[in-house]
Amino acid sequence: MIAANDNLQAALDLLAAPDCALFLDFDGTLVDIAPLPDQVIVTDMLRVALPLLQARLEGRLALVSGRPINELDKLLAPLTFPAAGVHGMERRGIDGVVRRLTPPDFALVRQAAQGLAARHPDLWVEEKHGALALHFRQAPELQALCTDAMRVAVGASPGLLLMEGKMIVEVKSNAVSKGTAIRDFLADAPFAGYRPLFIGDDTTDEAGFAQVQSIGGIGLKVGPGPTVAQCRIASAEQLRIVLSQAAAAPTIGKDIPHE
């Protein structure tokens with residue numbers, strides 16, 4: 001059982017409420033961070049809890065991730081959910097159709113990232129539709145070098161925004177964010193008219209927290225670090241327990257058991 005402070009209790013109450021629309025980050029939130037993105041482990045507890053929660057919320061559960069939607073689908077197969085990928089550059093609603101926005105020009109950013117990776121083999125460049133990430137988890141001493149080089153490239157590239165995450169420097173369109181993705185979900189069925197709860201763990205999730213809280217919802221931060229989120233839970237492991245408890249509740253609207 002999870003001990004709940006007053007702030008966390010607000011998030012638990014909304015998760016159990018009949019008017020909740022649930023939005024979930026993936027890495028560091030539903031799954032523990034791994035050395036490489038394809039090494040994350042989706043636990044059996046999570047595989048059971050997510051579809052039960054989706055059913056109890058009458059479809060109002062969506063993933064909001066920096067990963068592409070097709071990666072989320074592979075990791076969660078055979079499960080699929082409404083999802084926003086690449087920080088909102090692509091979005092799949094309840095109808096199952098994936099809609100992608102036109103990305104800005106990444107030429108200078110790509111050149112800078114690939115140049116660094118060529119000189120430092122422990123760096124890894126990940127290209128996605130409308131985003132590019134430079135991972136330095138295997139070489140944390142190169143953080144400043146990576147950040148400075150990418151900031152220069154972004155400064156010369158209109159329409160792009162640099163984000164610093166956990167052992168990663170990521171560049172994306174400045175026109176989208178997890179906040180805009182959640183906003184767009186809330187304009188459509190089955191999410192429209194419901195109170196949002198967004199759960200995330202990283203700096204890239206701050207826009208999502210700000211968005212839901214600006215309209216009366218709740219942001220729940222997983223783990224330590226500064227945040228605008230109103231509520232916090234200690235770890236992804238504890239969150240998985242909470243989600244499992246919520247999924248096992250007799251009906252949405254019943255209290256989630258906790259100590």
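How are α4 and α5 oriented to each other, roughly parallel or roughly antiparallel? This is a predicted model, in which local features need pLDDT of at least 70, side-chain atom pairs count only at pLDDT 80 or more, and totals for chains, interfaces and linings use all residues. Residues are numbered from 1 along each chain as its sequence is written, and side-chain values use heavy atoms, without hydrogens and water.

**View 1. Helices α4 and α5 pack together.** Helix α4 spans residues 107-119, and its axis lies 8 Å from that of α5, at an angle of about 160 degrees. Helices are DSSP runs of H or I with at least four residues; strands are runs of E with at least two, and both are numbered from the N terminus. Axes are lines fitted to C-alpha atoms, for helices over the stretch in contact, and angles run from 0 to 180 degrees between N-to-C directions. The two helices are therefore roughly antiparallel (angle over 145 degrees).

**View 2. The contact of α4 with α5.** Leu108, Val109, Ala112, Ala113 and Leu116 in α4 meet residues of α5, including Leu145, Cys146 and Ala149. Contact means heavy atoms within 4.5 Å.

**View 3. An open sheet of four strands.** The order is β6-β7-β9-β8, with antiparallel pairing. Two strands pair if DSSP finds at least two bridges between them. Strands β6 (124-128) and β8 (160-165) stand at the edges with a single partner strand each, so one side of each has no neighbour in the sheet.

**View 4. Strands β7 and β9.** Five bridges join β7 (residues 131-135) to β9 (residues 168-173). Leu132 stands opposite Val171 in β9. Helix α5 (residues 143-155) packs on the sheet and touches β7, β8 and β9.

Methods:
Parallel < 35°, antiparallel > 145°, perpendicular 65-115°, else oblique.
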